[in-house]
Amino acid sequence: MEDFEHQLARMMRDTQADTPYEDQHRQRLQAGVRARRRARTVWMATGSALTIAGLGVGLEVLPSASAQGGPTIPHHQPTSTTAPVPLPSRTCTTVPAPFPTHTSTTVPVPIPTRICTTTPVPMPTHTSTTK
């Protein structure tokens, strides 16, 4: 209760008052107190209803804002782990070239021949993990 209501209730109950309130004044004062309480209750109920409506609208707007690229929380993206691709193994051997016969005045230089073999590597499998 507010101070006004406390003082009013004290004055209405006070038997030592010089001039007590008449019945019509007492009824009018009590009606005023009841009207004030009703107004306060309506005010609080309206504020609560508006707060709930505002929260409802806010909760409706937030998911649609994040779907449209609004402020979001960082989400974990799936990551893939790939092993390095193995290179095919090569084995090379150098075979000396035979010396050609001398039929000209210049001396030919023998060119060695290189023979390489490549062994195929099995295809790697792709593995992905999600966090």
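Buried means under 20% relative accessible area, exposed means over 50%, and partly exposed is anything in between, using a 1.4 Å probe and protein chains only.

## What we're looking at

This is a predicted model, so to speak of local features we need pLDDT of at least 70, side-chain atom pairs count only at pLDDT 80 or more, and totals for chains, interfaces and linings use all residues. Residues are numbered from 1 along each chain as its sequence is written, and side-chain values use heavy atoms, with hydrogens and water left out.

Helices are DSSP runs of H or I with at least four residues, strands are E runs of at least two, and both are numbered from the N terminus.

Side chains of opposite charge can pair when their charged atoms come close. Here a salt bridge is a side-chain nitrogen of Lys or Arg within 4 Å of a carboxyl oxygen of Asp or Glu. Searching the whole structure turns up three of them.

Take Arg36 and Glu2: their closest N and O atoms sit 2.3 Å apart. That pair links distant parts of the chain, with Arg36 in helix 2 (residues 23-67) and Glu2 in the segment before helix 1 (3-13), 34 residues apart. Both ends are partly exposed: Arg36 has a relative accessible area of 37%, and Glu2 comes in at 33%.

Then there's Arg40 with Glu5, bridged at 3.0 Å from N to O. Arg40 belongs to helix 2 and Glu5 to helix 1, so this pair ties together parts that are 35 residues apart in sequence.

Asp23 is exposed, with a relative accessible area of 54%, whereas Arg26 is partly exposed at 27%.

Back in helix 1 we find Leu8, a buried residue with a relative accessible area of 6%. Setting aside neighbours within four places in sequence, Leu8 is in contact (heavy atoms within 4.5 Å) with Leu29 and Val33. Leu8 and Val33 are 25 residues apart along the chain, and their C-alpha atoms are separated by 9.1 Å.
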